[in-house]
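Look at the structure first, then read on.

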Protein chains: 2
Amino acid sequence: MINDWIIEQSDFSETGQNGLMESLFTMGNGFLGLRGDFPLAPSPVEKGTFINGFFESGAITYGEKAYGYADNWQTIVSLPDGKGVEFEADGMPLVIDRKSTVNLNRVLNLREGNTIWSFSFTDGEGRIFIGHVTVLIPFSRKGTVRFLWKLSIPESVKSLTIKSSLQTLKKELNETDDPRLPGHFDGSTIIYSALEVKTQPVLAVRAEGSGLTALCSMENKTEGLMELQTERHMDESGLWDVMKGSPGREILLEKTVSYDYGQTDNFETVISDLLQELDGCAKEPFYKDLETQRNYMDRYWGRADITIDGDEEAQLSLRYNLFQLLQSTGQDSGRSIAAKGLSGSGYEGHYFWDAETYVLPFFIYTNPAIARSMLKYRISILPQAEKRAGRLSHKGILFPWRTIDGEECSAYFPAGTAQYHINSDVALGLVKYIDVTGDESLLEEGGVGLLAGTARFWCDLGSYVEGKGFCFHNVTGPDEYTAIVDNNYYTNLCARENLLSAARLLEGKVAEEERRIWMQRALEIYLPPEEGVTPQDDSFLQKEKWDFVNTDKSSYPLLLHFHPLNIYRKQVLKQADVVMAQALFPSELSVEQKKRNFDYYEQVTTRDSSLSACAQGISAFHLGYEELAWEYFNETLHTDRKDLHGNVSHGLHTAAMGGSYLMIINGFLGFEVKAEGFFFNPALPGNLKRLSLNLSLKNSNLNITLENDRAIYKSGSGTVQFYHCGEKISLPEGEVKQFALLPKEKKAFTLFRPKI
Amino acid sequence: MINDWIIEQSDFSETGQNGLMESLFTMGNGFLGLRGDFPLAPSPVEKGTFINGFFESGAITYGEKAYGYADNWQTIVSLPDGKGVEFEADGMPLVIDRKSTVNLNRVLNLREGNTIWSFSFTDGEGRIFIGHVTVLIPFSRKGTVRFLWKLSIPESVKSLTIKSSLQTLKKELNETDDPRLPGHFDGSTIIYSALEVKTQPVLAVRAEGSGLTALCSMENKTEGLMELQTERHMDESGLWDVMKGSPGREILLEKTVSYDYGQTDNFETVISDLLQELDGCAKEPFYKDLETQRNYMDRYWGRADITIDGDEEAQLSLRYNLFQLLQSTGQDSGRSIAAKGLSGSGYEGHYFWDAETYVLPFFIYTNPAIARSMLKYRISILPQAEKRAGRLSHKGILFPWRTIDGEECSAYFPAGTAQYHINSDVALGLVKYIDVTGDESLLEEGGVGLLAGTARFWCDLGSYVEGKGFCFHNVTGPDEYTAIVDNNYYTNLCARENLLSAARLLEGKVAEEERRIWMQRALEIYLPPEEGVTPQDDSFLQKEKWDFVNTDKSSYPLLLHFHPLNIYRKQVLKQADVVMAQALFPSELSVEQKKRNFDYYEQVTTRDSSLSACAQGISAFHLGYEELAWEYFNETLHTDRKDLHGNVSHGLHTAAMGGSYLMIINGFLGFEVKAEGFFFNPALPGNLKRLSLNLSLKNSNLNITLENDRAIYKSGSGTVQFYHCGEKISLPEGEVKQFALLPKEKKAFTLFRPKI
């Protein structure tokens with residue numbers, strides 16, 4: 001039996017796995033994130049220390065530029081590496097390598113929120129050193145990481161030197177044709193400097209282009225070294241604390257590194273905040289922060305945990321995913337969750353629609369304060385979104401397709417600016433937050449502008465076509481293997497929901513006449529009739545199908561092996577927009593229509609996107625394709641832990657993580673939030689014996705357990721109102737209600753799938 | 001009455017006109033081109049000396065790159081300036097400026113192919129200097145320009161110094177959002193050096209990226225200086241010959257500058273060719289080259305001239321255009337005609353579809369040897385076109401949208417690679433050449449590969465749609481205000497003609513089965529039914545019309561003021577593809593259909609492209625919209641001479657020049673070349689009294705005159721067979737045949753036009 005709270009590595013011999021392991025063992029608290037490279041793990045692939053929101057920026061160079069293109073790139077910048085610690089015994093360096101290592105092991109404890117390294121190794125004289133290091137990034141603090149080293153020292157060692165460092169990293173330019181990797185930045189505009197503030201050395205990382213400066217500093221404390229001599233070195237390449245003495249049988253090193261950032265012209269305040277944080281932290285014993293972290297995680301798992309019986313691997317990956325979502329997401333209203341969280345520089349640290357569509361629901365249902373913070377971030381960038389819409393001659397607001405600080409950074413508009421659905425993704429995130437939590441205060445804090453701005457945008461973007469309705473031409477949906485098309489189904493459907501929700505929630509907050517127009521436009525929006533297959537867009541079904549039979553396995557992902565035009569020209573999908581739409585809005589189409597759609601699109605979807613599995617899985621589950629649904633559940637669930645796309649070394653796939661949660665809620669529970677209330681249509685997958693979780697609904701807590709063909713609802717606090725399979729239920733606090741689950745058709749079902 | 005062979009400038013006071021004048025007074029011989037900047041004209045805007053085909057190249061930087069994007073840019077590089085000549089009288093520089101100038105004038109003589117400057121000015125002591133300079137770029141030579149200065153010297157001048165130079169020009173990086181201007185190149189990879197070869201100084205311009213080196217050298221000879229002392233200076237910034245002596249009453253300076261280029265690793269051969277050319281030229285008296293040029297121009301105008309009675313301005317602009325087309329087009333099978341000829345670095349010296357669609361017919365009808373050379377250039381780049389098709393996973397060949405040496409250089413694929421019609425534009429150019437000249441030898445010299453390669457490409461690109469036919473998805477037609485659409489009418493129609501012509505001309509040269517497939521595909525190609533308006537593409541007519549009423553005049557051209565998506569989303573055209581198609585293939589649609597199309601598209605066409613006027617004009621004329629046709633004729637005709645787009649300073653518009661010829665041939669003569677023969681349906685525009693020209697048809701010469709409501713055909717040599725208004729005519733050598741012209745409806749007709 002595996003421990004389903006523990007991610008462990010004890011084999012370090014396959015160095016080809018280093019990048020993957022560094023990503024998997026990423027730690028963070030939503031503000032600060034450290035990849036799992038560490039002095040004990042040799043040959044780091046990408047040393048990474050990131051602040052969520054600290055970036056460099058510069059002018060995008062285009063092969064051919066035109067009006068309205070995004071002006072500047074933004075890219076997350078790795079900060080000085082504070083992990084470094086080296087030891088010397090009797091003047092000889094202690095080297096941990098394959099020859100000397102007796103034992104090496106690391107454990108990421110999801111339950112407690114820390115990582116512990118254990119090791120034993122021999123020095124040149126065969127003496128054995130045993131120790132362990134605890135790594136902690138407290139959620140209770142801002143940008144601080146703490147390390148506690150314990151090392152047992154052989155008796156014959158007379159002198160021990162510890163060198164603890166905080167070192168700047170030089171960046172190399174990454175020349176690549178892979179649009180998923182950062183390519184612009186050669187690091188030349190980052191200025192490193194070292195300064196001393198009231199005897200405290202501080203490293204400054206000034207990003208000339210963005211006007212931001214990050215600062216960091218460290219404290220080192222040792223125990224167990226007698227006749228201690230300490231030295232400190234500093235220059236623009238880093239800080240070194242050197243501690244030398246005569247060791248007892250055990251020595252301790254408590255290392256604390258704090259990071260913060262701000263506008264370069266507000267330097268003094270940032271320094272003062274940083275030193276206060278560092279000082280406060282260094283004064284607090286390590287074990288106290290460990291305990292605070294445990295308490296924090298207790299509360300977190302009390303709300304967020306999902307227990308699964310019947311598949312230990314699934315249980316572990318699910319917890320891993322929910323843990324990494326927490327670690328990756330900002331909680332202070334000034335930042336959100338990047339496509340790769342804080343685990344790498346892939347996708348440049350940008351926020352996409354992934355944040356609201358794939359991750360936000362998890363926080364809405366389990367941790368509304370974090371969901372609120374994510375939405376506050378979007379509200380904070382409304383001025384940029386309004387400016388962007390204006391520059392593009394549109395009314396209302398247009399959120400950037402990818403950004404850190406709110407400015408559009410997508411350098412390829414057919415799969416950037418044209419993905420206007422970002423507007424409804426964000427707006428419907430806000431709507432879901434309000435409908436689920438009942439917290440309408442966000443409306444007064446900027447939410448009105450967000451909802452009204454997106455509604456106005458859609459009214460301006462579309463145009464009325466006689467005999468068809470209100471149409472959106474030249475848009476790109478989520479599927480990036482099709483671009484610049486007319487009436488993308490997902491876009492049209494979300495725009496309608498956006499308009500209807502804005503009209504519903506803004507009653508009395510905008511002019512009645514405007515609300516009336518929104519409702520009218522919403523109802524006029526063109527959606528294809530229920531017949532045949534719902535077309536992804538006006539022209540999709542006329543195109544030739546991709547020749548999957550003659551496409552070699554090595555030619556996937558297609559985007560790296562075929563020109564965009566060849567991909568756009570064919571019926572081939574990175575992710576299926578119609579399936580995504582029917583997964584998120586299951587009551588929109590009849591079961592028959594959804595089945596026709598699913599059967600059709602399943603054949604032409606490559607799964608080249610890590611965002612596709614959950615949508616296909618949810619819809620498959622709704623349609624009774626249990627085996628396939630389970631396969632997709634495993635795909636989204638294990639994307640990172642099992643490196644299913646082979647690129648985890650560039651960073652984690654936060655959308656796939658969020659997708660694994662969505663598959664349980666939207667899929668297995670069949671949960672839907674509508675203006676009329678909360679709707680459950682649950683079913684337990686055949687591979688599971690039991691599934692149990694908590695949802696936070698309107699300040700109440702609802703526990704739902706599926707087991708033995710029963711659905712058991714229990715209200716943890718307050719009275720919860722909802723629908724079970726269409727039946728209206730009102731459940732007072734503490735009460736339990738059980739329902740028999742409808743027996744599901746369980747056909748062994750295998751669809752034709754692209755040969756990959 | 002104006003002299004309709006002369007372009008003259010005598011007012012140099014408006015310095016804002018300098019750029020325009022430099023472009024207009026460009027001289028060249030298809031290989032070498034010099035803008036009209038000159039020491040006598042102050043404040044040059046762009047000093048330009050170009051070799052057609054000499055370029056620098058480097059990797060295109062993309063904001064976001066993907067598979068199959070063009071790898072490298074290419075840009076024409078200005079060569080060392082050989083125009084410079086300075087004088088000193090008695091140690092004081094002679095400065096021609098507004099204060100000192102008594103008289104300044106230049107004349108571009110279209111008839112004789114030279115430019116003559118005349119001037120008189122005073123020095124500081126009030127002495128008057130009178131002189132003139134003749135500038136000649138002989139068509140009979142390769143890369144040589146000759147200057148003959150004559151200067152009368154006041155008696156009191158004791159000493160005269162002449163400094164004649166050949167100077168390198170440093171380039172500044174051009175940062176721009178205007179995709180029509182070159183933006184990549186900062187000149188940093190151009191290495192200038194000076195060397196001496198057998199006492200002859202040579203300047204070398206090495207373009208590191210392209211591996212090409214251009215070389216140049218000069219010779220100076222004076223007469224009329226006694227006690228002549230000569231000095232020569234040279235370094236990497238240039239060559240200077242300084243000649244000093246005691247002047248007689250008139251001095252002469254004969255300056256010859258030769259340019260050539262080649263692969264850098266073939267340096268020695270290029271130098272040897274260059275010095276041979278320079279030496280041969282410098283030995284030939286200037287007047288001999290002048291005479292040879294006159295003879296050349298005699299022959300040229302004998303074939304190419306078109307005489308017009310009734311509009312002197314039109315006569316002059318027409319001759320100007322036909323002269324500049326000759327000057328701009330390579331004749332040695334290794335180069336073609338760039339979008340701006342050799343008159344500027346706009347569009348980077350690239351060849352586009354303009355060459356075959358707008359310019360080639362003129363040479364086919366008047367100078368088939370030059371047309372043959374242009375097609376030989378395309379044949380020479382077939383290997384690159386085959387490679388490009390392969391890289392994009394297509395069969396056959398794909399010509400680059402823009403290029404110098406054959407490699408695709410378009411950095412924006414929606415208005416680049418997606419403009420697949422380049423393939424049929426070139427192929428149908430070859431077909432027209434063969435059908436008009438009867439010269440099938442080009443087929444054996446590579447033409448088979450060109451025709452078969454394009455035919456195979458179309459078969460591979462398209463796909464069969466049930467109920468519709470063979471369709472081309474995701475293509476861009478000539479109209480760049482609409483991109484990546486399905487079944488662009490122009491593209492589909494040209495692809496059909498390409499396939500049919502390939503099948504017709506390659507009988508016995510490819511497998512019968514393949515010819516059969518081409519014919520079958522051709523007949524299956526989807527073309528919309530004759531009803532309503534012929535849609536430019538499948539979705540065009542569903543889009544909203546551009547709001548012309550609320551678009552300010554300053555917002556044109558739209559591409560500089562609106563995001564591409566906003567333009568693509570609306571019914572608004574840079575040029576009208578359906579109108580273009582019905583201008584080039586007038587018998588394809590019924591008159592009623594063409595009229596509906598014209599009336600419709602006329603309303604949504606901005607004329608932001610200089611390529612649009614001739615197509616609209618031809619179709620207008622065909623439809624009896626005489627007044628409008630005349631307006632369009634004037635637009636294409638005077639584009640450059642009257643600077644109608646306000647950007648002639650960046651270079652001439654060769655397509656508009658070619659368009660003015662097309663308007664006469666396709667429009668006024670109603671001429672159509674079909675497999676069945678030559679068809680004339682002539683009409684004389686009401687604004688003209690007489691129109692007369694010669695056409696070279698199957699080795700025969702046909703003179704056509706329209707006057708007094710008659711069409712007069714005269715066979716200059718051989719028997720000519722053709723159709724006049726459907727009647728088959730066979731005209732033996734020397735015979736004349738007259739026909740009454742049908743009276744045309746002359747309605748005063750004004751269409752709604754965008755408010756610009």
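## Contact between the chains

This is a predicted model. Chain A and chain B meet in a contact that draws 40 residues from chain B and 40 residues from chain A.

On chain B, two elements each supply at least two residues to the side that touches chain A: β19 (463-465) and α12 (564-569). The top contributor to that side is α12(B), with five residues. Sorted by class, the side of chain B that touches chain A holds 19 nonpolar, 13 polar and eight charged residues.

## Domains of chain A

Chain A splits into two domains. Between the C-alpha centres of domain 1 of chain A and domain 2 of chain A, the distance is 39 Å.

The two domains touch. Domain 1 of chain A puts 18 residues into the contact, and domain 2 of chain A puts in 16 residues. On the domain 1 side, strand β6 (residues 72-76) of chain A gives the most, with four residues. By class, the side of domain 1 of chain A that touches domain 2 of chain A has ten polar, six nonpolar and two charged residues.

## A loop glycine in chain A

Where does A:G91 lie? A:G91 belongs to the loop that runs between β7 (85-89) and β8 (92-93) of chain A.

Is A:G91 buried or exposed? A:G91 counts as exposed, because it has 8 C-beta neighbours inside 10 Å, and the cut-off for exposed is 12 or fewer.

A:G91 and A:G68 are 23 residues apart in sequence. In space, C-alpha to C-alpha, A:G91 and A:G68 are 62 Å apart.

## A four-strand sheet in chain B

Chain B contains an open sheet of four strands. Their order is β23-β24-β28-β29, and the pairing is mixed. At the edges sit β23 (672-674) and β29 (727-731) of chain B, each of which pairs on one side only. From one strand to the next, the twist averages 30°.

Strands of a sheet pair through backbone hydrogen bonds, in either a parallel or an antiparallel sense. In which sense do strands β24 and β28 of chain B pair? Strand β24 (residues 677-680) of chain B and strand β28 (residues 720-724) of chain B run parallel and pair over two bridges. Follow B:F679 across: its bridge partner in β28(B) is B:Y723.

Key:
Residues numbered from 1 in each chain as written. Chains lettered and ligands numbered in written order. Predicted model: local features only at pLDDT ≥ 70, side-chain atom pairs only at ≥ 80, totals over all residues. Contact = placed C-beta atoms within 7 Å. Nonpolar A, V, L, I, M, F, W, Y, C, P; charged D, E, K, R; others polar. Domains from an automatic or database assignment. Buried ≥ 20, exposed ≤ 12 C-beta atoms within 10 Å, placed from the backbone. Pairing = 2+ DSSP bridges. Axes fitted to C-alpha atoms, helices over the stretch in contact; angles between N-to-C directions.
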